[in-house]
Amino acid sequence: MYSIPKDVEVVLAIRNVLARYKSVRSQKALKDKVEQELNFGGGNFRVGEERVRRLAVISGVARLKVHTKATGKAGKMNGCPVCGDKLKASRNKTVYGKTIITGYRCPKCEYWTESKNMHIPSRYEFSLRRRR
């Protein structure tokens with residue numbers, strides 16, 4: 001039977017993994033390394049990929065680079081697909097004085113997408129955020 005670790009334990013494991021490896025090139029690789037770090041003392045912890053990603057972003061431990069691919073479709077997004085926060089609309093004024101939405105940006109994790117050509121995340125790269 002497996003156990004679910006507390007958020008504090010997962011964040012500490014993320015920090016240790018990124019301090020050791022400097023950069024991790026995928027969400028699955030980070031999840032596997034975090035589980036390995038959590039289970040080092042003989043525990044049997046499991047943690048999901050999405051939970052690891054969100055905790056890395058929300059806690060500020062990791063710098064996240066999001067690789068996206070364009071869908072070619074227009075649409076409106078409800079929340080950030082990376083961290084779950086609310087997206088802010090980027091607006092621009094036209095020559096005729098009207099305001100239009102050109103895209104959406106997440107203030108927390110810096111994910112962005114255009115309104116006419118939606119971008120969805122395809123790969124995440126994690127690196128340790130240095131404290132000043």
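1. Strands β3 and β4 (residues 99-105) run antiparallel and are joined by 6 bridges. Strands here are DSSP runs of E of at least two residues, and helices are runs of H or I of at least four, numbered from the N terminus. Within this pairing, Asn92 sits opposite Ile100 of β4.

2. A word on the source: this is a predicted model, in which local features need pLDDT of at least 70 and side-chain atom pairs count only at pLDDT 80 or more, while totals for chains, interfaces and linings use all residues. Residues are numbered from 1 along each chain as its sequence is written, and side-chain values use heavy atoms, leaving out hydrogens and water.

3. Now to helix α1. Val10, Val11, Ala13, Ile14, Val17 and Leu18 are its buried residues (buried: under 20% relative accessible area, exposed: over 50%, with a 1.4 Å probe and protein chains only). Seen down the helix axis they fall within an arc of 160°, so they line one face of α1 (the arc is that of the directions from the axis to the C-beta atoms). The face turned away carries exposed Val8 and Arg20.

4. Those buried α1 residues pack against β1 (23-24), α2, α3, β2 and β6, where contact means heavy atoms within 4.5 Å. Looking from Val34, the partners beyond four places in sequence are Val10, Ala13, Ile14, Val17, Val47 and Val52.

5. Just after α1, do look at Lys22: its phi is positive, about 65°.

Note on methods. Pairing = 2+ DSSP bridges.
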